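Thank you all for coming; I would like to take a few minutes to walk through one structure. Please have a look at it first, and then I will begin with the contact between the chains.

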Amino acid sequence: MISPRYAREIPQRYQLVAARCTSCGTIGFPPRRVCKHCRGRQFEPTKLDSDGKILTFTIIRVGADRFSKQTPYAVAVIELNDGTRLTAQVTDCELESLEIGQKVRLVFRKIQEDGKAGILCYGYKAICV
Amino acid sequence: MVGIVGYGAYLPRYRIKAETIARQWGADAEAIKRGLQLTEKTVPGQDEDTITISVEAARGAIQRAQIDPQEIGAVYIGSESHPYAVKPSGTVLIDALGIGPHVHVATNEFACKAGSEAMYVAYSHVKSGEMKYALGIGADTSQGAPGDALEYSASAGGAAFIMGTERVAAEILFTHSYTSDTPDFWRREGEFYPRHAGRFTGDPAYFKHIVGAGQALLEKSKLAPKDFTHAVFHMPNGKFPQEAGRRLGFTKQQLEFGWIVPLMGNTYSGSSPTGLAAILDVANPGDLIFMVSFGSGAGSDGFVYRVTEEIKAIKDRAPKVRSMLDNGKIYLDYGQYTKHRHKIKLNE
Ligand SMILES: [Zn+2]
């Protein structure tokens, strides 16, 4: 990942900063330029709850290049307590015991490395609670 | 009053047992466990490093202190395993926790003493009146060369302390540092594993500095070992801190709660700070705590803390060290461990 894009996405990746539409209140995550509900273009930042539950998940056994050393690993669609949905890797878990409805919390982890010499990319992953 | 207003610790869930390492190298597991007084150690997840450990520990410290992160004026992270050679770990941490950008950030390095060093600098800034709060962290994901005695101990974890002047939970009464040029343990630039001078790491290094700082601290404070409820020393293995305590005049009972090394291993810069966090988890108002760190090269930082009424309010606001040591463990075999610790050469 190149530095400018990484730096731009830091608020959402590190602190779950979402965009709340100022006219209808819909929360966009990741933040968008246009509200998906009312097409509004004015937003205010809001931090998402870091607790939620697994809506569905899959086990990745053949990973993309940068994730190939981590296989097998789980990726889940998570619904946070405030209703926002996002996709995240589930870490520190026994894959056999994962199930839909499992309560999770988002924590700060290293997501990928840009090769051996490039930048380290951090962000959120889910752990079971 | 200046001291700790919030603290937090973090230990990864992964573990490897001393037996598992001994079996790999044909060593006598029972002799090693007896000699080093170590049962198992923490291992970082593949997505964990000094930065992520520091973030989780500092999150706990902020939860306990219940302060606005924007009021933190300085962040220091002490470690010998910063993920970047050039780019301070604290730059990532402040953006993860909503601190700054109006904040002073720096990296501390002094083998296993870097964490207490970060705490000392943070404390001094607050004491001088330069800022309202300062955050000092000790964290590491240390490596021992395969088959080396260090492999049984080098582990991962850390603790974070917010220093302040209001609602202090553990007042810092006295500090003392003791430093000399002692080549007991080192890692040259570009080398992957550290080197050590075997038995020279004992008396001329660890004990000389811990006892040197400890005795000076007792003299300065006009306190005797019996005045303290708890004591914690740097824990490179199970045996050394017990012996250091004995030489200074502390009993086994005084060391009990901070002596977490048999199940944690040596978390280097995180070692005595995490021991201190484990003590604060169980401490009562009025308790005096004696702490001396040690970093090879070599030096020791000593602190005398007095626990206040505030400890009762903040203890339960974040995860405790004991619960992280005892719960949710995932044991690794030696093969999985080498993968976690990047000990295998891979194609790019
Ligand atoms: Zn809208």
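This is a predicted model: local features need pLDDT of at least 70, side-chain atom pairs count only at pLDDT 80 or more; totals for chains, interfaces and linings use all residues.

Between chain A and chain B, the count is 13 residue pairs in polar contact, both residues being at pLDDT 80 or more; a polar contact here is a pair of N or O atoms within 3.5 Å, where within protein one must be able to donate a hydrogen and the other to accept it, and where residues adjacent in sequence count only if both atoms are side-chain atoms. On the side of chain A that touches chain B, the elements giving two or more residues are helix H2 (10–15), strand S7 (103–113) and strand S8 (120–128) of chain A, and S7(A) gives the most, with four residues. Helices (H or I, at least four residues) and strands (E, at least two) are DSSP runs, numbered from the N terminus.

Residues are numbered from 1 along each chain as its sequence is written, chains are lettered from A and ligands numbered from 1 in the order in which they are written, and side-chain values use heavy atoms, with hydrogens and water left out.

The contact, meaning heavy atoms within 4.5 Å, takes 17 residues from chain A and 23 residues from chain B. The area buried between chain A and chain B is about 1900 Å², with carbon and sulfur atoms giving 49% of it; this is the accessible area (1.4 Å probe) that two parts lose on being put together, summed over both. Of the area that chain A buries against chain B, 33% is supplied by A:Lys69, A:Asp92 and A:Phe108, more than by any other three residues.

How many salt bridges does the rule find across the interface of chain A and chain B? There are three, a salt bridge being a side-chain nitrogen of Lys or Arg within 4 Å of a carboxyl oxygen of Asp or Glu. A:Lys125 forms a salt bridge with B:Asp47, and the closest N and O atoms are 2.8 Å apart.

Turning to the chains themselves, chain A has two helices and eight strands, in the pattern α-α-β-β-β-β-β-β-β-β along the sequence. In chain B, nine strands form an open sheet of mixed pairing, in the order S5-S4-S6-S7-S1-S8-S13-S12-S11, where two strands pair if DSSP finds at least two bridges between them.
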